[in-house]
Amino acid sequence: MMSSDLSTLSLRKLEEKKEDMADRHSGILKSRERVHLDVQVGEHPLDYASVDPKDKVKEVSYSLEHLRGEVDHITKDQEYQRNREEYYRRKSEDMNGNVLWWAIAQIVILTTVGIWQIKHLKDFLIAKKVV
């Protein structure tokens, strides 16, 4: 077959597929079809196995680039962990400070209420002439 025969054949197949799809999807869909999307997020380094190095220098330079990428990734991860640790340490220190002030406030309130109750009990007992 010649290349023009192949292109004609592939064009016919595409037209047949297009007509088949149009027939299947005309009107209301009768069957449910699912589409699976595989989405990858983040840094994706080159696939060094698929690259065909022609000599040892290229192979070493690819390995070096791969190692640089790994070092960059590790550095970014360390920086992220460091920032995260600092954030949660600040949060923890703030929470501990709040707990301390809450405990001090409770002690002051309980002491004040206790003194007030003792004073009023003493005044009550004096008024009733028990003391």
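Arg90 is partly exposed, its relative accessible area being 42%. The terms here are buried for under 20% relative accessible area, exposed for over 50%, and partly exposed in between, with a 1.4 Å probe and protein chains only. Arg90 has a partner: Glu86 forms a salt bridge with this arginine, and the closest N and O atoms are 3.2 Å apart. A salt bridge, for this talk, is a side-chain nitrogen of Lys or Arg within 4 Å of a carboxyl oxygen of Asp or Glu.

Before going on, the conditions. This is a predicted model, in which local features need pLDDT of at least 70 and side-chain atom pairs count only at pLDDT 80 or more, while totals for chains, interfaces and linings use all residues. Residues are numbered from 1 along each chain as its sequence is written, and side-chain values use heavy atoms, with hydrogens and water left out.

Now the chain as a whole. It has two helices and zero strands; helices (H or I, at least four residues) and strands (E, at least two) are DSSP runs, numbered from the N terminus. What share of the 131 residues is buried? Buried residues make up 0% of them. The chain exposes about 13100 Å², and carbon and sulfur atoms supply 60% of that area. Accessible areas come from the Shrake-Rupley method with a 1.4 Å probe, and for residues only the protein chains shown count as cover.

Back to the salt bridges. How many does a search of the whole structure find? The search finds five, and I will go through some of them. Glu86 and Arg90 are four residues apart in helix α2, so about one helical turn separates them. Glu86 is partly exposed at 33% relative accessibility.

Next, Glu85 and Arg89 join their side chains in a salt bridge, at 3.4 Å from N to O. Both lie in helix α2, four residues apart, about one turn of the helix. Glu85 is partly exposed at 44% relative accessibility, and Arg89 is partly exposed at 38%.

Arg68 and Glu65 also meet through their side chains in a salt bridge, 3.0 Å from N to O. These two are three residues apart in helix α2, so they are separated by about one helical turn. Arg68 counts as partly exposed at 45% relative accessibility, and Glu65 is partly exposed at 40%.

Then the aromatic residues. A pair of aromatic rings is described by the distance of the centres and the angle of the planes. Rings of Phe, Tyr and Trp (its six-membered ring) pair if their centres lie within 6.5 Å; planes under 30 degrees apart count as stacked, over 60 as edge-to-face and the rest as tilted. By this rule there is one aromatic pair. Tyr87 and Tyr88 have ring centres 5.0 Å apart and planes at 75°, so the pair is edge-to-face. Tyr87 is partly exposed, with a relative accessible area of 39%, and Tyr88 is partly exposed at 48%.

In the model, residues 99-118 are 100% helix and 0% strand, with the end C-alpha atoms 28 Å apart.

Which residues make the nonpolar surface patch of about 420 Å²? They are Leu100, Trp101, Ile104 and Val108. Patches are made of residues with over 30% relative accessible area and no salt bridge; like charges are joined within 9 Å, nonpolar side chains (Val, Leu, Ile, Met, Phe, Trp, Tyr) within 5 Å. Ile104 lies in helix α2, which covers residues 56-127, and is partly exposed at a relative accessible area of 36%.

Last, Lys129, in the segment after α2. Phi of Lys129 is near 60°, a positive value in a residue other than glycine. Lys129 is exposed, with a relative accessible area of 74%.
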